[in-house]
Amino acid sequence: MTGVRVGRSAATVSRFGLGCAQLGNLYTPIGEADATATVATAWDCGVRYFDTAPHYGLGLSERRLGDALRALPRSAYTVSTKVGRLLVPDRSGAGRRDPEGFDVPADHRRVWDFTADGVRRSLAASLVRLGLDRIDIALIHDPEEHRAAALEQTYPALHELRAQGVIGAIGVGSKQWQVLHRFVTETDVDAVMVAGRYTLLEQPALDALLPDCQRRGVSVLNAGVFNSGLLAVERPHPGLPYEYSDVPAAVLARVRAIAEVCTRHGTSLPAAALAFAVAHPAVAAVVVGAHHPGQVRRNAALLAAPPPPEEFWSELVAEGLLRPDAPLPTSPVGTG
């Protein structure tokens, strides 16, 4: 497998990674056949990096991903999963739906646990659900309210497991770039998963996080690049999600202005969003989810296509719709 090395570890990722929250029935259910076909299509499109978590569908995403990968050569793909939430059986919730956005029975509850013991228990359970013998990349998941425990307990436990070869690489994922920046400057993580903070719509991670990742050799896994789906359509409209809620009017107006520039230059909002998201030299992979195989094929084709022309980016900057210091795409990125 060819790919981009993750930090200083031996793990590699394809430039296009499949985010597997949708395999856990994020927002809406998908059938087993569609879940399997989505992973198979990603593989056929050159995807060799798959990201999941216990949080996604209370373990459903991990189980489905493991089932879909089972017949494929283990050395040919990379899987990341996450620690920070333990799944505890809850028989009383079997008749309810999960309250955290996944259309699954609430037969487990999530318990925050950033202790060393919690890390080991979480990874052991993930290995069972995935049916794997190792985790390539272990990401500390959403430590915003647990920063001290994540730095003082979770990271040292993962550091030890990395040294033992139980996991291949260590990372941390968050929507808050400041949290990620602290791990980059205070620990020896291999990667950060930036969720929604470096996109065509907004680039706060450009100030300190991405430059320091580049300086310290930390790989950026750029996720949430459609800002919860807002940039995934050619014509943005009210009712689309942004930050897991309805898009505010001011944000919608800005996205519509970007979409108008796209139209004038013969490109689309999703195409520009994907091209931009992978252009920064610190970005090792762009991680995008899909509810069905057609979305995977579209995203792969957009990533492999020539980026929008230079004049497009110049107009965005001139209109105040893009930061002038953001690195711009110059050629197709491919998926491998």
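1. Let's start with Thr81, which has its place in strand S5, residues 78-83. Strands here are DSSP runs of E with at least two residues, numbered from the N terminus. Thr81 is buried, at 0% relative accessibility; buried means under 20% relative accessible area, exposed over 50%, and partly exposed in between, using a 1.4 Å probe and protein chains only. Setting aside neighbours within four places in sequence, Thr81 is in contact with residues including Thr52, Pro54, Glu62, Ser126 and Leu139, where contact means heavy atoms within 4.5 Å.

2. A word on what you are looking at: this is a predicted model, in which local features need pLDDT of at least 70 and side-chain atom pairs count only at pLDDT 80 or more, while totals for chains, interfaces and linings use all residues. Residues are numbered from 1 along each chain as its sequence is written, and side-chain values use heavy atoms, with hydrogens and water left out.

3. Now find Asn222, in strand S11, residues 219-223. Asn222 is buried too, at 0% relative accessibility. A polar atom of the Asn222 side chain lies 3.1 Å from the backbone oxygen of Tyr198. Not counting residues up to four places away in sequence, Asn222 touches Val194, Tyr198, Ala277, Val283, Ala285, Val286 and Val287.

4. Tyr198 turns up again in an aromatic cluster with Phe276, Phe312 and Trp313. Rings of Phe, Tyr and Trp (its six-membered ring) pair if their centres lie within 6.5 Å; planes under 30 degrees apart count as stacked, over 60 as edge-to-face and the rest as tilted. By this rule there are six aromatic pairs. Trp112 and Phe114 are stacked, because their ring centres are 5.8 Å apart and their planes are at 10°. Trp112 is partly exposed, at 41% relative accessible area, whereas Phe114 is buried, at 4%.

5. Another ring to look at is Trp43: Arg48 lies over its face, 3.6 Å from the ring centre. A charge sits over a ring if NZ of Lys or CZ of Arg is within 6 Å of the ring centre and within 35 degrees of the ring normal.

6. How many disulfides does a search of the whole structure find? The count is zero, with a disulfide taken as a pair of cysteine sulfur atoms within 2.5 Å. For Cys20, the nearest cysteine sulfur, that of Cys45, is 14 Å away. Cys20 is buried, with a relative accessible area of 1%.

Note on methods. Helices (H or I, at least four residues) and strands (E, at least two) are DSSP runs, numbered from the N terminus. A polar contact is a pair of N or O atoms within 3.5 Å; within protein, one must be able to donate a hydrogen and the other to accept it, and residues adjacent in sequence count only if both atoms are side-chain atoms.
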